[in-house]
Amino acid sequence: MSTEPETTESAEPGKPEDAVRSGTPTDAPDAEGADAGGADAEDAPGTDGSPDTTGTTDADTSETSETSETSETSETSETSEISEPADTTEPAPAEGSPQLSEAEAELLAQKLERERIEQRKAEKKGPIASGTKLSGQAADLLAAVRAVESGEKPVAAVFAEPRPAPRRPAPEPVRRPQPVPAAPAPSDAPAPHTVDGVRRVLTEGSAPEALAPQVAAALGEGAEDLLREDPWQLLRVTGVRPEQADGFARALLGAECRPDDERRARAVTVWLLEQAALAGHTALELSALATALARQGVPDADAAVQATLAEGEALVFQDALDEPGARPGTAPSAPAPAPAASPAPSAAAGDGADETDAEGEQDEAEEERPVRVLVGLERYALAEESLADGLARIVNSLSKEPSPEWEAAAAAASGSTAELIRAVAGHGLVLHTGGEASRAEPAALLTVARGLGLRAVAACHTPDGRRRFAALLGAEDPVVTVPGLLAGTEGPGRDAEGALDLDVLVVLDAPQLDVEGAAMIVESLPDGARLVLSGDPAVLWSAGPGRVFADLLAARTCPQVASRTPDPGPLGELVSGVGIGELNQVDAPGKEIVIVPVRDAGEAVHRTVQLVADSVPRALGVPPEDTVVITPGHGGAAGTRVLNAALKERLNPGPGRFGGFDPGDRIAYSPAPGRTVPGQVVGADAEGLHLSCADGAVVVPKERVEQAVRHGWALTAHQAVGSRWPAAVVVLPGDAAQALSRPWVYTAFGRGERHLSVVHGVEQALPRAVAEVTAKPRTTRLPALLRSQVPAAQ
């Protein structure tokens with residue numbers, strides 16, 4: 001591969017310090033590992049067995065949040081006093097909006113789906129009325145029993161009738177009903193009198209008044225009284241840290257404010273669990289949580305956890321481990337058995353004594369089996385349990401009848417494509433793994449399913465992923481995005497029972513599914529539907545909590561098909577090597593890969609601008625708008641802020657007339673936490689900032705521009721995952737060495753279709769990260785829940 005830049009310019013490197021915000025450190029970038037989860041890795045307990053929630057003391061703790069990265073809200077943490085002016089508030093959505101935005105529609109769909117999940121769980125616990133909730137053979141059997149009981153038919157006449165031959169659904173044309181219209185979403189904006197009351201309390205506590213809308217939205221009606229009674233409820237606002245809430249409480253309570261206050265202990269416990277969720281955990285081990293509480297100055301961690309559990313603000317679980325004496329891990333293999341209360345009573349004499357002794361030994365063994373105790377927030381516990389229930393339903397509801405049509409389709413295919421078709425023919429849930437080239441296999445599966453008259457749909461993580469998969473199919477009709485499918489703005493719509501009106505759903509980019517999104521998808525599928533989860537297990541995990549795809553692969557509860565289709569060319573060879581921990585020297589005769597060594601961050605910014613604006617367009621014919629820049633974080637001397645400022649000055653200079661943006665600026669728009677949609681600024685008026693995105697025209701209200709829109713020439717790897725560009729420039733300044741990992745490098749290097757330039761300033765840290773630094777573990781309960789409901793696949 002070439003190690004020379006494609007330019008001979010000798011201009012001095014720019015000075016990125018001028019573009020860095022006040023208070024942003026220039027000696028270290030925002031860590032991408034922390035970015036992924038929405039909080040600094042040190043801020044989320046339990047990430048590496050040694051939780052730390054106090055390691056971050058400046059702005060970059062919350063600036064690295066990619067789940068809420070579009071919100072400059074998190075920059076509140078730049079100060080250690082809550083009395084600083086609040087440029088971190090997220091204004092409430094504009095009232096009186098004539099129609100729902102995509103983000104509002106998605107949030108509404110999530111709310112409705114959660115209500116449906118809770119209703120299903122409540123129905124499962126309730127008694128079944130006679131003759132209700134039955135269908136098929138169960139209903140026929142009940143009718144026959146009643147006929148015999150009433151004397152309408154003799155027993156022989158009823159049960160001697162031959163069973164009808166199994167019915168097979170005839171192929172039917174693709175049905176595309178109109179989506180069920182969603183009810184108007186209630187306004188999330190708190191009432192004005194509620195905001196005014198909260199503002200008065202904040203003023204008394206020397207807190208920024210601008211936080212009032214956020215606090216009122218978080219606490220709801222009666223927020224003023226609740227905040228007076230429990231000042232630490234301020235921690236429920238994004239970006240507020242415990243030390244800031246402590247200062248607010250001291251100002252309100254005076255001498256009554258004590259470190260051992262139970263209200264503080266509960267609030268800090270919930271805050272730590274929320275920070276852990278931002279880092280990807282769905283629950284924390286009790287020991288890790290206790291350690292984190294001690295670091296936050298909670299004198300009695302056990303009492304704090306017990307008080308939180310008693311108030312219903314968190315839940316506790318026990319998961320059994322594989323072997324007695326095994327160290328608690330992050331992926332238990334089985335659910336915790338109910339421990340025996342006492343040994344079985346001894347029998348008087350005879351064989352009964354031996355049997356009792358055996359039972360006693362078994363009970364003793366069960367008592368000695370180690371368990372791990374987990375504590376988690378209810379919303380993620382409910383999502384994981386609903387996901388496990390839904391997956392078990394999908395696995396068990398599909399008919400196992402052999403299908404000649406499916407077998408004929410598999411015989412006509414070859415390799416891993418044929419394996420995928422055969423697996424889907426006989427199973428409700430199938431996992432498919434592979435790189436970019438392997439997407440042709442689920443595309444072939446979708447074509448086969450639709451040819452058999454089934455309603456088959458593919459869902460991708462991003463609009464760009466949808467475009468690329470539709471190109472493989474030669475049609476856009478059956479391809480949607482996951483957010484659009486859940487919001488009801490894309491896809492086949494829903495039937496009368498609220499389930500998606502389809503027979504086969506193929507979800508691409510499956511590693512990007514968090515537990516809540518996966519639960520909503522699974523709960524939306526009708527009985528008998530087939531679900532295929534396809535993706536590259538080597539890329540970065542989801543921005544939200546959980547590691548659904550990895551947990552399913554580890555649980556081995558369904559067929560897994562590994563693609564044997566390699567990614568082509570020098571780029572495919574390089575990325576494939578990174579995936580197995582090897583940074584290989586690759587021949588790139590067509591300049592597919594270029595390494596540009598740099599000495600410092602300033603030179604890295606200068607060379608990056610040269611590559612995007614001059615070298616890549618001149619050597620490869622790829623215009624700047626088709627090149628993406630990827631860097632480990634937002635902060636630092638070569639983070640996205642500095643790079644975007646330098647690229648804007650070169651490619652689209654302007655005064656930033658609307659919140660720092662000008663027409664023609666490339667942007668990264670976040671309609672919801674964890675989602676990034678690339679686009680371009682079209683203009684601005686009284687309604688807000690007008691954007692042109694892949695999903696269509698978007699108008700961002702002016703009060704939300706700062707939180708929802710960033711410049712988008714340079715992105716982080718988490719923002720870029722799920723999309724690809726003709727050319728990619730990956731920037732690795734020297735201060736980014738600690739942020740690198742194998743999944744990060746694999747994801748970043750894989751974003752370029754034709755060309756990859758690496759602005760290299762980390763020396764041996766790059767091969768070391770590829771060889772040694774794997775993904776940070778996440779604590780989840782899904783494997784244990786699955787093993788208790790779904791047997792392992794043979």
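The model is predicted, so keep its rules in mind: local features need pLDDT of at least 70, side-chain atom pairs count only at pLDDT 80 or more, and totals for chains, interfaces and linings use all residues. Residues are numbered from 1 along each chain as its sequence is written, and side-chain values use heavy atoms, with hydrogens and water left out.

**The chain overall**

- The chain has 29 helices and 20 strands; these are DSSP runs numbered from the N terminus, with helices being H or I of at least four residues and strands E of at least two.
- Of its 794 residues, 53% count as buried. Buried means under 20% relative accessible area, exposed means over 50%, and partly exposed is in between, using a 1.4 Å probe and protein chains only.
- Among contacts with a separation of 6 or more, 74% come from residues 24 or more positions apart. A contact here means heavy atoms within 4.5 Å.

**Helix 10 against helix 11**

- Helix 10 (residues 262–278) and helix 11 (residues 286–295) have axes that come within 10 Å and cross at roughly 120 degrees. The axes are lines fitted to C-alpha atoms, for helices over the stretch in contact, and the angles run from 0 to 180 degrees between N-to-C directions.
- That makes helix 10 and helix 11 oblique to each other. For such angles, under 35 degrees counts as roughly parallel, over 145 as roughly antiparallel, 65 to 115 as roughly perpendicular and the rest as oblique.
- On the helix 10 side, Ala 265, Val 268, Thr 269, Leu 272 and Leu 273 do the touching, and they meet Leu 289, Ala 292 and Leu 293 of helix 11.
- Sorted by class, this contact has seven nonpolar residues, one polar and no charged ones. The nonpolar class is Ala, Val, Leu, Ile, Met, Phe, Trp, Tyr, Cys and Pro; Asp, Glu, Lys and Arg are charged; the others, Gly among them, are polar.
- Helix 11 has Ala 288, Leu 289, Ala 290, Ala 292 and Leu 293 as its buried residues. Their cover includes helix 10, strand 1 (284–285), helix 12 (301–310) and strand 4 (371–376).
- After helix 11 comes Gly 297, with a positive phi near 80 degrees.

**Helix 27 against helix 28**

- The axes of helix 27 (residues 742–749) and helix 28 (residues 765–772) come within 7 Å, crossing at roughly 110 degrees.
- Helix 27 and helix 28 are therefore roughly perpendicular to each other.
- Helix 27 brings Arg 742, Val 745 and Phe 749 to the contact, where they meet Leu 766, Ala 769, Val 770, Ala 771 and Glu 772 of helix 28.
- By class, you get six nonpolar residues, no polar ones and two charged ones in the contact of helix 27 with helix 28.

- Most residues other than glycine have a negative phi.
- Arg 556 has a positive phi near 55 degrees. You'll find Arg 556 in the loop between helix 21 (548–555) and strand 10 (560–562).
- Lys 591 isn't a glycine, yet its phi is positive at about 55 degrees. Lys 591 sits in the loop between helix 22 (569–579) and strand 11 (593–597), and is partly exposed at 37% relative accessible area.

- Gly 712 is in the loop between strand 17 (709–711) and strand 18 (714–715) and counts as buried at 5% relative accessibility.
- Leaving aside neighbours within four places in sequence, Gly 712 contacts Asn 644, Arg 666, Ile 667 and Ala 668.
- Thr 627 belongs to strand 12 (residues 627–630) and is buried, at 1% relative accessibility.
- With neighbours within four places set aside, Thr 627 contacts Val 612, Val 616, Val 622, Arg 666, Ala 727 and Val 729.
- Glu 706 is part of helix 25 (residues 705–708) and is partly exposed, at 39%. Glu 706 and Gly 659 are 47 residues apart in sequence and 7.0 Å apart C-alpha to C-alpha.

**Cysteines**

- The disulfide count is zero, taking a disulfide as a pair of cysteine sulfur atoms within 2.5 Å.
- Cys 460 counts as buried at 0% relative accessibility, and Cys 693 counts as buried at 10%.
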